[in-house]
Amino acid sequence: MFQQIVDIQREIYLTFAGHIKDYAAGGGWASFLAFLPMGIVFGAVHAMTPGHSKSVLATYLAGSSTKAHRALLVSLALSFTHVTMAVVIALFALPLVSHSFADAGSSPALEVVSRGLLGIIGVWMVWTAVFRHGHAHAEGEGLLMGFAAGLVPCPLTLFVMTFAMIHQVAVTGLLFAATMMMGVALTLSAVALLAVVFRDRISYLMRKHPRLLASVSRATGGLAGFVLVAIAGVEIANWVAVQ
(Lines give C-alpha, C1' and ligand atoms only; values in the text may rest on other atoms or scores of the structure.)
Protein backbone atom coordinates (compact mmCIF):
# COMPACT_ATOMS: atom_id res chain seq x y z
CA MET A 1 0.00 0.00 0.00
CA PHE A 2 2.85 2.37 0.84
CA GLN A 3 4.43 1.69 -2.54
CA GLN A 4 1.12 2.48 -4.24
CA ILE A 5 1.00 5.82 -2.40
CA VAL A 6 4.55 6.58 -3.53
CA ASP A 7 3.70 5.64 -7.13
CA ILE A 8 0.60 7.87 -7.18
CA GLN A 9 2.60 10.72 -5.73
CA ARG A 10 5.38 10.30 -8.32
CA GLU A 11 2.91 10.16 -11.21
CA ILE A 12 1.17 13.38 -10.17
CA TYR A 13 4.48 15.12 -9.53
CA LEU A 14 5.88 14.20 -12.96
CA THR A 15 2.66 15.26 -14.67
CA PHE A 16 2.78 18.61 -12.90
CA ALA A 17 6.38 19.06 -14.03
CA GLY A 18 5.31 18.35 -17.60
CA HIS A 19 2.50 20.91 -17.46
CA ILE A 20 4.84 23.53 -15.99
CA LYS A 21 7.32 22.93 -18.82
CA ASP A 22 4.55 23.16 -21.42
CA TYR A 23 3.30 26.43 -19.97
CA ALA A 24 6.84 27.84 -19.84
CA ALA A 25 7.24 26.95 -23.51
CA GLY A 26 4.15 28.98 -24.40
CA GLY A 27 1.52 26.28 -24.09
CA GLY A 28 -1.02 28.49 -22.33
CA TRP A 29 -2.93 28.15 -19.06
CA ALA A 30 -5.66 25.73 -20.12
CA SER A 31 -3.95 22.39 -19.58
CA PHE A 32 -2.18 23.49 -16.40
CA LEU A 33 -5.34 24.88 -14.76
CA ALA A 34 -7.30 21.80 -15.80
CA PHE A 35 -4.81 19.59 -13.97
CA LEU A 36 -4.33 21.95 -11.00
CA PRO A 37 -7.06 20.36 -8.78
CA MET A 38 -4.91 17.22 -8.74
CA GLY A 39 -2.61 19.22 -6.47
CA ILE A 40 -5.15 18.65 -3.70
CA VAL A 41 -4.97 14.89 -4.28
CA PHE A 42 -1.19 15.14 -4.41
CA GLY A 43 -1.06 16.98 -1.07
CA ALA A 44 -3.44 14.55 0.61
CA VAL A 45 -1.51 11.51 -0.63
CA HIS A 46 1.85 13.10 0.18
CA ALA A 47 0.73 13.78 3.76
CA MET A 48 -0.02 10.08 4.21
CA THR A 49 3.65 9.21 3.79
CA PRO A 50 5.97 9.20 6.83
CA GLY A 51 6.68 12.63 8.24
CA HIS A 52 4.52 15.77 8.32
CA SER A 53 4.39 15.57 12.14
CA LYS A 54 1.25 13.41 12.16
CA SER A 55 2.40 11.52 15.27
CA VAL A 56 3.32 14.79 16.99
CA LEU A 57 -0.10 16.25 16.15
CA ALA A 58 -1.99 13.18 17.36
CA THR A 59 0.11 12.92 20.53
CA TYR A 60 -0.45 16.55 21.45
CA LEU A 61 -4.21 16.44 20.85
CA ALA A 62 -4.60 13.16 22.73
CA GLY A 63 -2.90 14.72 25.75
CA SER A 64 -4.65 18.09 25.63
CA SER A 65 -8.19 19.30 26.22
CA THR A 66 -8.41 20.92 22.79
CA LYS A 67 -11.87 20.82 21.24
CA ALA A 68 -12.52 19.63 17.69
CA HIS A 69 -12.75 23.09 16.12
CA ARG A 70 -9.46 24.19 17.69
CA ALA A 71 -7.86 20.86 16.75
CA LEU A 72 -8.70 21.71 13.15
CA LEU A 73 -7.03 25.10 13.59
CA VAL A 74 -3.91 23.36 14.91
CA SER A 75 -3.82 21.04 11.88
CA LEU A 76 -4.35 24.00 9.53
CA ALA A 77 -1.54 25.94 11.22
CA LEU A 78 0.76 22.93 10.80
CA SER A 79 -0.21 22.50 7.12
CA PHE A 80 0.12 26.20 6.31
CA THR A 81 3.53 26.52 7.97
CA HIS A 82 4.85 23.28 6.45
CA VAL A 83 4.09 24.33 2.87
CA THR A 84 4.65 28.07 3.25
CA MET A 85 8.17 27.59 4.62
CA ALA A 86 9.11 25.82 1.38
CA VAL A 87 7.60 28.63 -0.71
CA VAL A 88 9.38 31.34 1.30
CA ILE A 89 12.72 29.54 1.03
CA ALA A 90 12.33 29.05 -2.72
CA LEU A 91 11.34 32.68 -3.33
CA PHE A 92 13.84 34.43 -1.09
CA ALA A 93 16.73 32.04 -0.61
CA LEU A 94 16.99 30.04 -3.83
CA PRO A 95 20.72 30.86 -4.33
CA LEU A 96 21.42 29.40 -0.88
CA VAL A 97 19.36 26.22 -1.23
CA SER A 98 22.27 24.06 -2.30
CA HIS A 99 24.24 25.15 0.78
CA SER A 100 21.38 25.03 3.28
CA PHE A 101 19.65 21.82 2.28
CA ALA A 102 20.74 18.23 2.21
CA ASP A 103 20.37 16.00 -0.84
CA ALA A 104 16.96 14.81 0.28
CA GLY A 105 15.60 18.34 0.50
CA SER A 106 15.73 18.59 4.28
CA SER A 107 16.78 21.56 6.34
CA PRO A 108 18.76 20.46 9.42
CA ALA A 109 18.76 23.91 11.05
CA LEU A 110 14.98 24.32 10.75
CA GLU A 111 14.46 20.76 11.97
CA VAL A 112 16.47 21.52 15.12
CA VAL A 113 14.51 24.74 15.72
CA SER A 114 11.23 22.91 15.16
CA ARG A 115 12.05 20.04 17.52
CA GLY A 116 13.48 22.43 20.08
CA LEU A 117 10.18 24.35 20.19
CA LEU A 118 8.27 21.06 20.46
CA GLY A 119 10.55 20.12 23.37
CA ILE A 120 9.66 23.37 25.13
CA ILE A 121 5.95 22.67 24.64
CA GLY A 122 6.49 19.14 25.95
CA VAL A 123 8.22 20.45 29.09
CA TRP A 124 5.29 22.83 29.64
CA MET A 125 2.81 19.94 29.31
CA VAL A 126 4.78 17.84 31.80
CA TRP A 127 4.97 20.75 34.25
CA THR A 128 1.22 21.35 33.88
CA ALA A 129 0.44 17.68 34.51
CA VAL A 130 2.65 17.49 37.61
CA PHE A 131 2.19 20.85 39.31
CA ARG A 132 -1.22 22.18 38.23
CA HIS A 133 -4.50 20.78 39.51
CA GLY A 134 -6.46 21.56 36.37
CA HIS A 135 -5.76 20.25 32.90
CA ALA A 136 -6.17 23.56 31.10
CA HIS A 137 -3.99 24.62 28.22
CA ALA A 138 -3.01 28.12 27.20
CA GLU A 139 -5.17 29.64 24.47
CA GLY A 140 -2.42 29.86 21.89
CA GLU A 141 -0.55 26.70 22.85
CA GLY A 142 -2.10 24.56 20.13
CA LEU A 143 -1.38 27.05 17.37
CA LEU A 144 2.20 27.38 18.63
CA MET A 145 2.51 23.60 18.48
CA GLY A 146 1.20 23.58 14.91
CA PHE A 147 3.62 26.31 13.92
CA ALA A 148 6.58 24.60 15.59
CA ALA A 149 5.81 21.19 14.08
CA GLY A 150 5.36 22.71 10.62
CA LEU A 151 8.61 24.69 10.57
CA VAL A 152 10.36 21.90 8.65
CA PRO A 153 9.59 22.82 5.00
CA CYS A 154 7.91 20.44 2.58
CA PRO A 155 10.67 19.09 0.26
CA LEU A 156 8.34 18.36 -2.66
CA THR A 157 6.85 21.86 -2.55
CA LEU A 158 10.40 23.21 -2.55
CA PHE A 159 11.30 21.05 -5.55
CA VAL A 160 8.24 22.16 -7.54
CA MET A 161 8.78 25.83 -6.65
CA THR A 162 12.43 25.56 -7.68
CA PHE A 163 11.47 23.79 -10.92
CA ALA A 164 8.91 26.51 -11.73
CA MET A 165 11.35 29.31 -10.95
CA ILE A 166 14.07 27.74 -13.09
CA HIS A 167 11.58 27.84 -15.98
CA GLN A 168 10.69 31.44 -15.02
CA VAL A 169 7.03 30.65 -14.26
CA ALA A 170 7.01 30.99 -10.48
CA VAL A 171 3.26 31.62 -10.47
CA THR A 172 2.65 27.98 -11.47
CA GLY A 173 4.66 26.85 -8.46
CA LEU A 174 2.64 29.14 -6.18
CA LEU A 175 -0.63 27.76 -7.53
CA PHE A 176 0.61 24.22 -7.04
CA ALA A 177 1.69 25.02 -3.46
CA ALA A 178 -1.76 26.49 -2.68
CA THR A 179 -3.61 23.41 -3.90
CA MET A 180 -1.13 21.05 -2.28
CA MET A 181 -1.60 22.85 1.03
CA MET A 182 -5.33 22.08 0.82
CA GLY A 183 -4.60 18.39 0.38
CA VAL A 184 -2.10 18.29 3.24
CA ALA A 185 -4.64 20.08 5.44
CA LEU A 186 -7.31 17.49 4.59
CA THR A 187 -5.13 14.59 5.73
CA LEU A 188 -3.82 16.32 8.85
CA SER A 189 -7.33 17.50 9.77
CA ALA A 190 -8.53 13.90 9.57
CA VAL A 191 -5.69 12.87 11.90
CA ALA A 192 -6.58 15.70 14.30
CA LEU A 193 -10.27 14.82 14.42
CA LEU A 194 -9.56 11.11 14.93
CA ALA A 195 -7.25 11.96 17.84
CA VAL A 196 -9.91 14.17 19.44
CA VAL A 197 -12.66 11.57 18.91
CA PHE A 198 -10.46 8.87 20.45
CA ARG A 199 -9.64 11.07 23.45
CA ASP A 200 -13.27 12.13 23.96
CA ARG A 201 -14.47 8.55 23.65
CA ILE A 202 -12.10 7.46 26.40
CA SER A 203 -13.26 10.42 28.51
CA TYR A 204 -16.90 9.44 27.99
CA LEU A 205 -16.26 5.89 29.12
CA MET A 206 -14.60 7.18 32.30
CA ARG A 207 -17.02 10.02 33.06
CA LYS A 208 -18.68 8.06 35.87
CA HIS A 209 -15.38 8.20 37.74
CA PRO A 210 -14.45 11.92 37.68
CA ARG A 211 -11.44 11.61 39.96
CA LEU A 212 -10.04 8.77 37.92
CA LEU A 213 -10.75 10.74 34.74
CA ALA A 214 -8.91 13.79 36.09
CA SER A 215 -5.92 11.65 37.04
CA VAL A 216 -5.83 9.87 33.69
CA SER A 217 -6.24 13.19 31.87
CA ARG A 218 -3.27 14.69 33.71
CA ALA A 219 -1.25 11.52 33.19
CA THR A 220 -2.04 11.53 29.46
CA GLY A 221 -1.00 15.16 29.21
CA GLY A 222 2.23 14.42 31.04
CA LEU A 223 2.92 11.39 28.85
CA ALA A 224 2.30 13.44 25.71
CA GLY A 225 4.71 16.04 27.04
CA PHE A 226 7.36 13.40 27.70
CA VAL A 227 6.92 12.07 24.14
CA LEU A 228 7.38 15.55 22.66
CA VAL A 229 10.49 16.09 24.79
CA ALA A 230 11.85 12.71 23.72
CA ILE A 231 11.23 13.45 20.03
CA ALA A 232 12.97 16.81 20.40
CA GLY A 233 15.88 15.26 22.30
CA VAL A 234 16.47 12.49 19.76
CA GLU A 235 16.30 14.85 16.78
CA ILE A 236 18.65 17.38 18.34
CA ALA A 237 21.07 14.64 19.49
CA ASN A 238 21.14 13.21 15.96
CA TRP A 239 21.87 16.65 14.55
CA VAL A 240 24.69 17.22 17.06
CA ALA A 241 26.15 13.77 16.28
CA VAL A 242 26.57 14.54 12.57
CA GLN A 243 28.15 17.96 13.13
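Me: What is the volume of the largest cavity?
Reply: In this predicted model, the largest cavity has a volume of about 40 Å³.

Me: And how many cavities of 30 Å³ or more turn up in the whole structure?
Reply: The search of the whole structure finds 1 cavity of 30 Å³ or more.

Me: Which residues line the largest cavity?
Reply: The lining consists of Tyr13, Phe16, Ala17, Ile20, Phe159, Val160 and Phe163. The elements that give two or more residues to this lining are α1 (2-24) and α9 (155-166).

Me: Which element gives the most?
Reply: Helix α1 gives the most to the lining, with 4 residues.

Me: How does that lining divide by class?
Reply: The lining has 7 nonpolar residues, no polar residues and no charged residues.

Me: Changing topic: at what angle do α4 and α8 pack?
Reply: Helix α4 (residues 54-62) and helix α8 (residues 141-150) pack at an angle of about 165°, and their axes are 10 Å apart. Because angles over 145 degrees count as roughly antiparallel, α4 is roughly antiparallel to α8.

Me: Is their crossing left-handed or right-handed?
Reply: The crossing of α4 and α8 is right-handed.

Me: Which residues make the contact?
Reply: From α4, the contact is made by Val56, Leu57 and Tyr60. From α8, Glu141, Gly142, Met145 and Ala149 take part.

Me: How do the residues of that contact divide by class?
Reply: The contact of α4 with α8 has 5 nonpolar residues, 1 polar residue and 1 charged residue.

Key: Residues are numbered from 1 along each chain as its sequence is written. This is a predicted model: local features need pLDDT of at least 70, side-chain atom pairs count only at pLDDT 80 or more; totals for chains, interfaces and linings use all residues. Side-chain values use heavy atoms; hydrogens and water are left out. Axes are lines fitted to C-alpha atoms, for helices over the stretch in contact, and angles run from 0 to 180 degrees between N-to-C directions. Angles under 35 degrees count as roughly parallel, over 145 as roughly antiparallel, 65 to 115 as roughly perpendicular and the rest as oblique. A crossing is left-handed if the near helix is turned anticlockwise from the far one by less than a right angle, and right-handed if clockwise. Contact means heavy atoms within 4.5 Å. Ala, Val, Leu, Ile, Met, Phe, Trp, Tyr, Cys and Pro count as nonpolar, Asp, Glu, Lys and Arg as charged, and the others, Gly among them, as polar. On a 1 Å grid over the protein atoms alone, a cavity is a set of points where a 1.4 Å probe fits but cannot get out, and a pocket is an open set with protein on both sides within 12 Å along at least five of seven lines; lining residues have an atom within 4 Å of a point. Grid points are joined across faces, edges and corners, and a volume is the space filled by probe spheres set on the points.
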